[in-house]
Amino acid sequence: MDEISTLLPPPPPADDAAPLIEFSKVSKSFGDKMVLDEVDLTIHEGHITSIIGKSGVGKSVLLKHVIGLLQPDKGEVRFRGKSLAAMNREERRALKREFAYMFQNNALFDSLTIFENVALPLTERTKLKESEIRELVTSKLVELEIGDVGGKYPSQISGGMQKRVALARALITGPRIVLFDEPTTGLDPIRKNAVLAMIAHYQKKFGFTAILVSHDIPDVFYISQRVAILEEQKVLFQGEPVELELIENEVVRQFVGSLEALKDELTGLETRQNIERRFAREMERFAAVDQPFAVMTFTVDNPEDVRVGLGHLATQRLVQRLSEFLARTLHPTDISARFSEYRILTLMPRTTLDQAQRVRERLARNLGGDDILRINSRAACFSFSLRCGLAQCRSGASLADLVDEAEHDVKPIAHFECHPKP
Amino acid sequence: MNNSNPTLTVPLTALGRSCIAFVSELGGVCIFTAQGLLHIFTPPIQFRKIVGQVSFIGVKSLFVIILVSLFTGMVLGLQGYYTLVKFGSEGLLGAAVALSLIRELGPVLTAIMVIGRAGSSMAAEIGIMRISEQIDALDTMDVNPVRYLVSPKLAAAFICFPLLTALYDVVGILGGYLTGVIMLGINSGIYFARIESSVEMVDVAGGFYKSFAFALVVAAISCYQGYFTHTRPGGFGAKGVSLATTSAVVLSCVVVLVVDYVMTSFLL
C-alpha cells in the first residue's frame with residue numbers, strides 16, 4: 001500500500017467536467033438471463049472510474065459495451081454526446097484508436113512471443129520502422145520489469161508477468177482511454193499493489209481516462225476518483241469513494257465493510273448490521289410485551305499493548321478464541337458481534353440484569369481456568385485485561401446508548417500476563 | 001381463436017426455421033469469404049504472413065502429398081493394367097492414369113489431404129483464439145481480425161492448392177510408371193507417348209480450375225468454422241473448438257466433392 005499511498009491523494013473530481021462516456025438506460029440479456037437492466041452510468045474524462053460488484057453481475061459486459069464489443073439490446077451508449085450506434089465505420093475506427101483494453105484473462109496471443117505481443121498494435125496500426133518499434137517495445141518491457149522475457153511465449157511466464165505484458169500491450173500506443181478488466185485478479189498482494197500503483201502512476205503521467213473493473217475493495221478506492229457499484233443488473237451507486245461511506249444502503253455498506261465482514265466470518269461473530277437488526281426486534285418486544293433483555297460488552301482494556309505485543313494475526317486469533325468461548329458458554333439465543341476492533345457486544349434476550357450478572361460471574365470463573373488467552377508473544381513482556389460491562393434495556397435507548405451504559409457497570413473478568421519465551 | 005393444426009404447423013415451423021438458419025449461415029459464409037478475399041489486396045499486403053501460411057499449408061504438406069500421390073498412381077497403374085489387359089489395350093495405361101489424376105483424383109485428393117492437415121488446424125487455431133478473446137483483443141486494437149487471420153490463409157491456399165495438385169499429378173503419373181512399366185513390363189515409351197497424345201491443355205486447365213475452387217472452399221469453411229466457434233449452439237470452450245474442427249473437416253470434404261461434381265459436369 002505504501003507504493004500506492006505515495007501517489008495519493010488523487011485530484012478531486014471536477015463535477016462540471018463534461019461526461020466522456022454515458023450509459024443511458026442500457027439493457028442487455030443473454031438468452032433469458034438479463035445482465036444489465038436500464039443501466040445509467042457516467043464516465044468523466046481524465047478520471048479513474050472503478051466499477052465494483054460481485055462476480056458474475058455483468059461488470060465485464062458493461063465494459064465491453066464501452067468499446068463496442070457488445071451492443072445494447074435497449075438504450076444507448078454515448079461517447080462525447082454521440083451515440084455509438086449512430087457512428088459510421090470510420091468514426092468507430094477513429095474511436096477504437098483512442099481505446100486500449102486490458103482483458104480479464106489477458107488475451108495474449110499465445111503463438112507470438114512476448115515482444116511480438118506488445119509490438120503487435122504498433123506493427124499493425126502504425127508505419128513506424130522496425131528499429132523504432134523495437135526501441136519502444138523494449139523500453140516499455142523494461143519499465144514494467146519484464147525486459148528479460150521478451151523472447152518467451154505467454155505460456156512460459158507466470159500469471160503475474162502475463163498481467164504486466166497485457167498492461168504493456170494496452171499502454172504501448174499511448175491510448176486516451178484504457179479499460180482494465182480485473183487487472184489485479186490472481187496476483188499476489190505485492191504485485192497487486194504494484195499494478196494498481198502503476199495504473200495510478202501512468203494515469204497521472206499520461207492523463208488517460210481509466211475504467212477499472214475490480215473486486216479489490218478497498219484497494220481500488222485509493223486510486224479511483226469515482227466508483228460505481230453494479231448489483232442486480234443496475235448501477236446501485238456512482239460517485240466519489242468518500243461518498244460511499246455515507247450511503248445507508250445495505251448492499252453498499254456490505255461492499256464498504258467487506259473486509260470486516262470477512263474477519264467476522266473468520267471469528268464466527270455476527271455482523272454489526274445483524275445485531276442492530278436483532279436489537280430493533282428485541283426493543284419492539286420490550287415495548288409490546290415488556291420482555292426484558294440485557295446487553296453485555298467485552299472490552300480489551302489496553303489494545304495498543306495487545307497490538308504491539310501480539311501482532312495483527314495473533315490478535316485476530318484471540319478474538320476468534322474468545323468468540324468460540326462465548327458461543328460455548330452463553331445461551332444459544334444470545335448473539336455476539338464485533339462492535340469495534342477490540343470490543344465484542346452480546347445481546348441476551350429474555351435476560352434481566354440480575355441474571356446477566358450471574359452469567360458474568362460464571363464467565364469470569366470459566367475464563368480464569370481456560371487457556372484461550374494463552375498465545376505466544378513475539379515481543380517484550382506485556383499484559384492485558386478483559387472487562388465485561390452490563391446494561392439493562394430501557395425504552396427509548398439506542399444500542400449505542402446501552403453500550404455506553406454498560407461501560408459504567410464494568411468488572412474485569414480476565415487478566416493475562418505474557419512472558420516471552422527465553 | 002387459433003384454428004391451426006399443431007401436427008401440421010410444428011414440423012412446418014421447424015422446417016422454416018431450419019431453412020432460414022441455413023440461408024442465414026450461407027449468407028454469413030459468403031460475406032465472411034468476400035471480406036477475406038478483399039483484404040488480401042488491401043494495402044499494405046501482408047507478405048510475411050502469406051509466406052508463413054504458404055510454408056504451413058504447402059511446404060509442410062509436401063511429404064504427405066508425395067506419399068499419397070505415389071501410392072494413388074501405383075494402385076491406378078495396377079488396377080488399370082489388369083482391366084486394360086483383358087481388352088488387349090494395356091498400352092493405354094499411361095493415358096488412363098494421367099487423365100484420372102489430372103482431371104479428378106489430383107485436385108480432389110490434394111484438397112482432402114490438405115483439409116486433414118491444414119484445414120483442421122486453421123479451424124482449431126482460430127477457434128482457440130476466439131474462445132480466449134484473442135480475436136476480441138485484435139478488434140479492440142483496431143486490427144481487423146478477418147484481414148489479420150483469414151486473408152493470409154486464403155491467399156496461401158490459392159498459391160498452394162494448384163502447386164500441390166501439380167505435384168500430385170506428376171508423382172501419381174510416376175507411381176503408375178512404377179507399377180505399369182517397371183513391375184508389369186509395359187513399354188516406357190508407349191506409357192509416356194499415350195500420356196502426351198491423350199492429355200490436352202483443357203484437361204490440365206480443368207484440374208487447376210478445380211484446385212482454385214477447392215482452395216477457396218477449404219480455407220473459407222475452415223476459417224469460418226473457427227471464427228464463429230462461440231456462436232455454435234451446445235458447444236463452449238474446448239468442446240466448441242473440437243466441434244468446429246470436426247465441422248470444418250466434414251463440411252469441407254462434402255463441399256469439395258459436391259463442387260467437384262458440379263464443375264466436372266460443366267467442364268466435360
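Q: At what angle do the axes of helix H4 (residues 93-131) and helix H6 (residues 145-183) of chain B cross?
A: The model is predicted. The axes of H4(B) and H6(B) come within 7 Å and cross at roughly 145°.

Q: Is the crossing of H4(B) and H6(B) right-handed or left-handed?
A: H4(B) passes H6(B) in a right-handed crossing.

Q: In what order do the strands of the open sheet of chain A lie?
A: A sheet is read from one strand to its neighbour. In chain A, 4 strands form an open sheet with antiparallel pairing, in the order E2-E1-E4-E5. Strand E2 (33-44) and strand E5 (82-83) are the edge strands, each pairing on one side only.

Q: How many bridges join strand E1 (residues 19-30) of chain A to strand E4 (residues 74-79) of chain A?
A: There are 5 bridges between these antiparallel strands. At the level of residues, Ser24(A) has Glu76(A) in E4(A) as its bridge partner.

Q: Which strands of the sheet does helix H2 (residues 59-67) of chain A touch?
A: H2(A) packs on the sheet and touches E1, E2 and E4 of chain A, its direction making about 55° with that of E2(A).

Q: Are the residues of strand E8 (residues 209-214) of chain A mostly buried or exposed?
A: Here one examines each face of the strand. Of the 6 residues in E8(A), 6 are buried. Thr209(A), Ile211(A) and Val213(A) lie on one side, with Ala210(A), Leu212(A) and Ser214(A) on the other.

Q: In what sense does strand E3 (residues 48-52) of chain A pair with E8(A)?
A: The pairing is parallel, over 5 bridges, and Ile51(A) stands opposite Val213(A). Strand E7 (residues 177-181) of chain A also runs parallel to E8(A), joined by 5 bridges; there, Ile177(A) is opposite Thr209(A). From E7(A) the chain passes through helix H7 (residues 189-206) to E8(A), a right-handed β-α-β crossover.

Q: How many residues does each chain bring to the contact between chain A and chain B?
A: An interface is described by its residues and the elements that supply them. Chain A contributes 14 residues and chain B 11 residues. On the side of chain A, helix H3 (89-96), strand E6 (99-102) and helix H4 (114-125) each supply at least two residues, and the largest share, 3 residues, comes from H4(A). By class, that side has 8 nonpolar, 1 polar and 5 charged residues.

Technical notes:
Residues are numbered from 1 along each chain as its sequence is written. Chains are lettered from A and ligands numbered from 1 in the order in which they are written. This is a predicted model: local features need pLDDT of at least 70, side-chain atom pairs count only at pLDDT 80 or more; totals for chains, interfaces and linings use all residues. Two residues are in contact if their C-beta atoms, placed from the backbone, lie within 7 Å. Ala, Val, Leu, Ile, Met, Phe, Trp, Tyr, Cys and Pro count as nonpolar, Asp, Glu, Lys and Arg as charged, and the others, Gly among them, as polar. Two strands pair if DSSP finds at least two bridges between them. Axes are lines fitted to C-alpha atoms, for helices over the stretch in contact, and angles run from 0 to 180 degrees between N-to-C directions. A crossing is left-handed if the near helix is turned anticlockwise from the far one by less than a right angle, and right-handed if clockwise. A residue is buried if 20 or more other C-beta atoms lie within 10 Å of its own, exposed if 12 or fewer, and partly exposed in between; C-beta atoms are placed from the backbone. A crossover is right-handed if, with the strands pointing away from the viewer, the path from the first strand over the helix to the second runs clockwise.
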